[in-house]
Each structure stands twice: as C-alpha cells, then as structure tokens.
Amino acid sequence: SYKSHDDEKEQRQQRDIKPTLHEENRTSSVSFLHRFVPDVPAARTPPAVFIMVSRICMALSFHIFQTIWTVALRERFQFGPQDYGR
C-alpha cells in the first residue's frame with residue numbers, strides 16, 4: 001500500500017528516530033514535487049517525469065524563440081504590425 005510522506009514522518013517522530021541526511025533531502029524534494037506533480041504513482045515514473053520536463057523545456061524555448069523572431073523579422077525585412085494582418 002502507498003503511504004503518504006507525512007504519515008512516515010509522523011511515525012518516525014513517534015519513535016524518536018533522527019532522520020538521516022538523505023531522508024531529509026528526500027522529503028524536502030518530495031514536498032517540492034508535490035506542488036507540481038499529481039499525486040499519482042504513474043506520474044512519478046521516470047518516463048512520465050521526462051515527458052513533463054521536456055514539455056516544460058519546449059514551452060520555454062518556444063517563448064524565447066517567439067520573442068527573438070519578431071525582432072529579427074523587423075530588422076531584416078522591415079516587417080511591421082501592418083504586415084501581420086496580411
């Protein structure tokens with residue numbers, strides 16, 4: 001069965017066991033991921049994470065390209081606002 005990380009943390013506090021450095025880093029990174037990744041085990045598999053990261057990178061690169069492209073069109077071809085409607 002799948003236990004939430006809060007339950008594990010609470011059980012560890014009840015047993016008075018100090019978490020190791022690796023466990024502390026793991027829980028902090030997991031809490032960061034909980035904000036962006038759905039709480040579905042399939043969404044945390046390496047292929048799913050790869051697809052999500054690649055889509056974020058593609059979106060970022062598109063917006064950077066779009067910003068540069070309008071300036072390049074204007075400088076090279078004197079492409080202005082009136083030309084977008086043609």
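The protein exposes about 7,800 Å², and carbon and sulfur atoms supply 62% of that area. Accessible areas come from the Shrake-Rupley method with a 1.4 Å probe; for residues, only the protein chains shown count as cover. This is a predicted model: local features need pLDDT of at least 70, side-chain atom pairs count only at pLDDT 80 or more, and totals for chains, interfaces and linings use all residues. Residues are numbered from 1 along each chain as its sequence is written, and side-chain values use heavy atoms, with hydrogens and water left out.

**Overall build**

- The protein has four helices and zero strands. Helices (H or I, at least four residues) and strands (E, at least two) are DSSP runs, numbered from the N terminus.
- From the N terminus on, the order of elements is α-α-α-α.
- Of the 86 residues, 10% count as buried. Buried means under 20% relative accessible area, exposed over 50%, and partly exposed in between (1.4 Å probe, protein chains only).

- A search of the whole structure finds one aromatic pair. Phe65 and Trp69 form this pair, which is stacked, at 5.7 Å centre to centre with 15° between the planes.
- Rings of Phe, Tyr and Trp (its six-membered ring) pair if their centres lie within 6.5 Å; planes under 30 degrees apart count as stacked, over 60 as edge-to-face and the rest as tilted.
- Phe65 and Trp69 are four residues apart in helix H3, so about one helical turn separates them.
- Phe65 is partly exposed at 46% relative accessibility. Trp69 is partly exposed too, at 37%.

**Nonpolar patch**

- Leu60, Ile64 and Ile68 make a nonpolar surface patch of about 310 Å².
- Like charges are joined within 9 Å, nonpolar side chains (Val, Leu, Ile, Met, Phe, Trp, Tyr) within 5 Å.
- Leu60 is found in helix H3. Its relative accessibility is 55%, so Leu60 counts as exposed.

**Gln78 and Asp83**

- Gln78 sits in the loop between helix H3 (46-77) and helix H4 (81-84). Gln78 is exposed, with a relative accessible area of 59%.
- Not counting residues up to four places away in sequence, Gln78 touches Leu73 and Asp83. Contact means heavy atoms within 4.5 Å.
- Asp83 lies in helix H4. At 15% relative accessibility, Asp83 counts as buried.
- The Asp83 side chain reaches the backbone nitrogen of Gly80 at 3.0 Å.

Note on methods: Patch = residues over 30% accessible without salt bridge, like charges linked within 9 Å, V, L, I, M, F, W, Y side chains within 5 Å. Salt bridge = Lys/Arg side-chain N within 4 Å of Asp/Glu carboxyl O. Polar contact = N/O pair within 3.5 Å; in protein donor to acceptor, adjacent residues only side chain to side chain.
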